[in-house]
Amino acid sequence: MPSDKETAVTDAPATYALELFCLLGALGRAAVFDPAFTIRAAVRLSGPVDPDVLRQALDDVVGNHDALHSTLTLEPEIRQCVQAPTPVRLTVRDLEDADHGGDRNGRQQADRDQADRYQPGRDQPHRDQTGRDRVASAFVAETVAGRFPPDELPTLWAALGRLAADDWVLVLVTHHLWSDAWSMRVILADLAAAYAARAEGEVPELSEGMAYAAVAEDDRSPRMRERIDERLGYWRERLADMDSPLRPENPYSEIRDGVKAEHTFVLGGPGEASLEAVLACARRNRTTPFVVLLSAFMLWLRAATGSEDIAVPIVTAGRLPEEWETVGLFSNSIVMRADLAAAVTGRDVLRTVHAVCAEAYRHEIPLLRLLEEVPRAAELVVDPDRALPMFQLIQFPDGRGGQAFGPDVQARPIEMPGDSANAQLPDYLWTLELGDRLVGRVYSDPKTFGATTIERQTQEYRRILDQLVRDPDAALAGLGPRRASRDERELESEYTAPRTAAEADLAELWSEQLGVAPVGIHDDFFELGGHSLLAAGLQLEIERRFGVEVPSWVLFLQPTIAGIAEALAEAGVA
């Protein structure tokens, strides 16, 4: 198998990321050795694909990345053993006669246990595109639902489905112990380069990243130890009194089993800010889409808990520049902690979160070392009475256009199906996937939050994100969770409709801020669910809309629309 890298069996220490995963597995925090703990990708290939050439290219990729032909030993210490590369298992299936809606459960595993069995046949009548898409989606879902043991080499599996002579679907799966989402992008890029070269009868020139075993050695180098020690002081001070005010719906203390429920949602639906609006908001505020999405997430946590001190562990690539072309497990996590007490508008939050992110990234260290040195952070990870949500953004190439995969072959990414993850690492992980649309997935332990609660949480997050993107200068008071209707409040006052334009405008504003409709002019602000935090934001919004300053004591002494309208009238507002 062509490779410029060492193919003999070698032994190396584990990387920090591997050690962390093994530790969390031993603590029962994740099923890291589960054959379903995988990284998946699928592409639609348009053109004349040659399965034999693809098989050669897959073997080239494995030979170029030692993590894909390595095993792990746990005793007496955690170490990785690089084995000689072996051929990739490529399953090829003719899908032209596949039933568009039929049940094919179990066929993929049977295919994997057999020798490759693709037999070209005569072309079938052209299937309509919708039918092909359905078959392709079913093929992807069936493939990724299989079992992929981390000690079965190589830890790269491939399945190729033929929809027509010029229409194919390719699914790649790696075990998460030996790869991450970044690694899958490296694999796909190398595979395209290798296929193009092999199709022309040439030896491919692939990526030249560090060997994963060399990364493990570098993790323990004096240079890296010094780098980590310099940054530890920042985290000790930053996280010493960290807390997570969000409580599980069902606290429990038994060992987690790693099984997760998945809730999938698509942002930018009817009536919501579009993906383009999110990207435009990031540009206007000179920040990134990640900061916009994380800001909305922190605002949701603020509304859900009433706390201004928000800490969110986020998943990072965990890579140095020299490791960008390396396949292996690098995933890391750092904590974004923001004090939102001084923030008045959404734009204030964007600025605060942007600064927090920039500072945290400058001080990034391996999570394993952080947990060793900051006891409070380690306590929160295992505290059954805390729900510490993790957050990540995964960016994919825009799937609306194709990328060259070989001579006359174009590749287009396929979105992974929902409800297919049963061994995700954290107990409570929010993942946003940014491609040609914005898809959210919440992975949670069913013992922590039920399906109804997760649905409500995602709805509130979507609403807050929409409001933040549409009007970042609006007061934060309107970004709280929606409350009960007026009839459910059991108010002492009877409903009285607005009598003037000012009262009508105030009623609309109160309804927006409190999530109650309709609002009468004699309804009490605090009986409607208002509190001091909302009152401060409401005062700012009144000043912004009406152009006059209303003293803060007015709302507390006259907490009704009629009372505020009277104060506005005294200031000259009709």
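How many of the six residues of strand 11 (residues 390-395) are buried? Five are, and the strand is mostly covered; buried here means under 20% relative accessible area, exposed means over 50%, and partly exposed falls in between, with a 1.4 Å probe and protein chains only.

**Ground rules for the views.** This is a predicted model, in which local features need pLDDT of at least 70, side-chain atom pairs count only at pLDDT 80 or more, and totals for chains, interfaces and linings use all residues. Residues are numbered from 1 along each chain as its sequence is written, and side-chain values use heavy atoms, with hydrogens and water left out.

**View 1. The whole protein, with its confidence.** We have 17 helices and 15 strands here, taken as DSSP runs (helices are H or I, at least four residues; strands are E, at least two) and numbered from the N terminus. Of the 574 residues, 55% count as buried. The average pLDDT, the predictor's confidence in each residue from 0 to 100, is 84, and 85% of the residues score at least 70.

**View 2. Strand 11 beside strand 14.** Strand 11 and strand 14 (residues 428-434) run parallel and are joined by six bridges; two strands pair if DSSP finds at least two bridges between them. Look for L393, which stands opposite L432 in strand 14.

**View 3. Y461 in the largest nonpolar core.** A nonpolar core is a set of buried Ala, Val, Leu, Ile, Met, Phe, Trp, Tyr and Cys residues joined through side-chain atoms within 4.5 Å. The largest one has 72 residues, and W235, L294, F391 and Y461 have the most contacts inside it. Helix 9 (residues 289-305) gives the largest share, eleven residues. Leaving out residues up to four places away in sequence, Y461 touches L267, L293, A296, F297, W300, F391, W430 and L432, a contact being heavy atoms within 4.5 Å. A second, separate core of 33 residues includes V92, L170, M184 and V186.

**View 4. Helix 1 and its neighbours.** In helix 1 (residues 16-26), the buried residues are Y16, A17, L18, L20, F21, C22 and L24. They pack against strand 3 (70-73) and strand 4 (79-82), and also against helix 6 (212-219), helix 7 (222-239), helix 11 (367-373) and helix 12 (375-382).

View 5. The order is 1-4-3, with antiparallel pairing. Strand 1 (10-13) and strand 3 are the edge strands, each pairing on one side only. Four bridges join strand 3 to strand 4, and T71 stands opposite C81 in strand 4. In the loop between strand 3 and strand 4 sits P76, and the peptide bond from E75 to P76 is cis, with omega near 0°.

**View 6. Another cis bond and two positive phi values.** The peptide bond from L153 to P154 is cis as well, with omega near -5°; P154 lies in the loop between helix 4 (129-144) and strand 6 (156-164). R286 is not a glycine, yet has a positive phi of about 50°. You'll find R286 in the loop between helix 8 (275-284) and helix 9, where it counts as exposed because its relative accessibility is 76%. D408, also other than glycine, has phi near 65°. This residue is in the loop between strand 12 (403-406) and strand 13 (409-414), and D408 counts as exposed at 69% relative accessibility.
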